[in-house]
Amino acid sequence: MPNENEWKIRTADRGFGVFIQNVICMLGILVTLGIAYPWLMNWKFGRWASRLVLGGRTVRYTGSAGGILVMWVKVLLLSYITLSIYWWLSGRQAVDRYMDSHVEWA
């Protein structure tokens, strides 16, 4: 029986792989001038979530790059319309809220 308080990230055993994944994401964002951000963040978070074990149970990320893109465009438009007030009040955490809402127990 697994310890209820036990949690681990299986990628910690292969730390160099996580480093390479972060480098790929950063280079992809820089090379595409941010256009690939939704797809790369979706890929990165999906890989991270698939390797996370909490209390002996795994989690699954169900979000999509299209969902991140729609949320991202909404935040940009509302921030532009409100002269960045929306960004400072709520928009900064929008990606984190989206990803948190699309994590479920596997």
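Is Ser84 buried, partly exposed or exposed? Ser84 is partly exposed, with a relative accessible area of 31%. On this scale buried means under 20% relative accessible area, exposed means over 50%, and partly exposed is in between, with a 1.4 Å probe and protein chains only.

This is a predicted model, in which local features need pLDDT of at least 70 and side-chain atom pairs count only at pLDDT 80 or more, while totals for chains, interfaces and linings use all residues. Residues are numbered from 1 along each chain as its sequence is written, and side-chain values use heavy atoms, with hydrogens and water left out.

**The loop between α3 and α4**

Helices (H or I, at least four residues) and strands (E, at least two) are DSSP runs, numbered from the N terminus. Ser84 is found in the loop between α3 and α4, and its phi is positive, about 75°, although it is not a glycine. Leu83 lies in that loop too, between α3 (65-81) and α4 (85-89). Leu83 also has a positive phi, of about 55°, and is not a glycine. Most residues other than glycine have a negative phi. Leu83 is exposed, at a relative accessible area of 71%.

Helix α3 has 17 residues and reaches 24 Å from its first C-alpha to its last, close to the 24 Å expected at 1.5 Å a residue. The expected span is 1.5 Å times one less than the number of residues. The buried residues of α3 are Ala65, Gly67, Ile68, Met71, Val75 and Ser79. Seen down the axis of α3, these buried residues fall within an arc of 155°, so they line one face of the helix. The arc is that of the directions from the helix axis to the C-beta atoms. Val70, Leu76, Tyr80 and Ile81 are exposed on the other side of α3. The buried residues of α3 pack against α2 (37-50), β3 (57-61), α4 and α5 (94-101), where contact means heavy atoms within 4.5 Å.

In α5, the buried residues are Ala94, Val95, Tyr98 and Met99. They cover an arc of only 130° around the axis, which puts them on the same side of α5. Asp100 and Ser101 are exposed, on the face of α5 turned away from its buried side. The buried residues of α5 pack against α2, β3, α3 and β4.

Helix α2 has 14 residues and reaches 20 Å from first to last C-alpha, close to the 20 Å expected at 1.5 Å a residue. Pro38, Leu40, Met41, Asn42, Phe45 and Ala49 are buried in α2.

Phe16, Phe19, Ile20, Val23, Ile24, Leu27, Leu30 and Trp43 make a nonpolar surface patch of about 790 Å². Patches are made of residues with over 30% relative accessible area and no salt bridge; like charges are joined within 9 Å, and nonpolar side chains (Val, Leu, Ile, Met, Phe, Trp, Tyr) within 5 Å. The areas come from the Shrake-Rupley method with a 1.4 Å probe, and for residues only the protein chains shown count as cover. Helix α1 gives the most to the patch, with seven residues. Ile24, in helix α1, is partly exposed at 44% relative accessibility. Gln21 is found in helix α1 (residues 15-31) but is buried, with a relative accessible area of 8%. Gln21 touches Trp43, Lys44 and Arg47, not counting residues up to four places away in sequence.

Ala36 lies in the loop between α1 and α2. Ala36 and Ala65 are 29 residues apart in sequence and 9.4 Å apart in space, C-alpha to C-alpha.

**The salt bridge**

A salt bridge is a side-chain nitrogen of Lys or Arg within 4 Å of a carboxyl oxygen of Asp or Glu. By this rule the count comes to one. The side chains of Arg60 and Glu104 form the bridge, at 2.2 Å from N to O. Arg60 lies in strand β3 and Glu104 in strand β4 (residues 103-105), so the pair ties together parts that are 44 residues apart in sequence.

| Residue | Relative accessibility | Class |
|---|---|---|
| Ala36 | 18% | buried |
| Arg60 | 43% | partly exposed |
| Glu104 | 34% | partly exposed |
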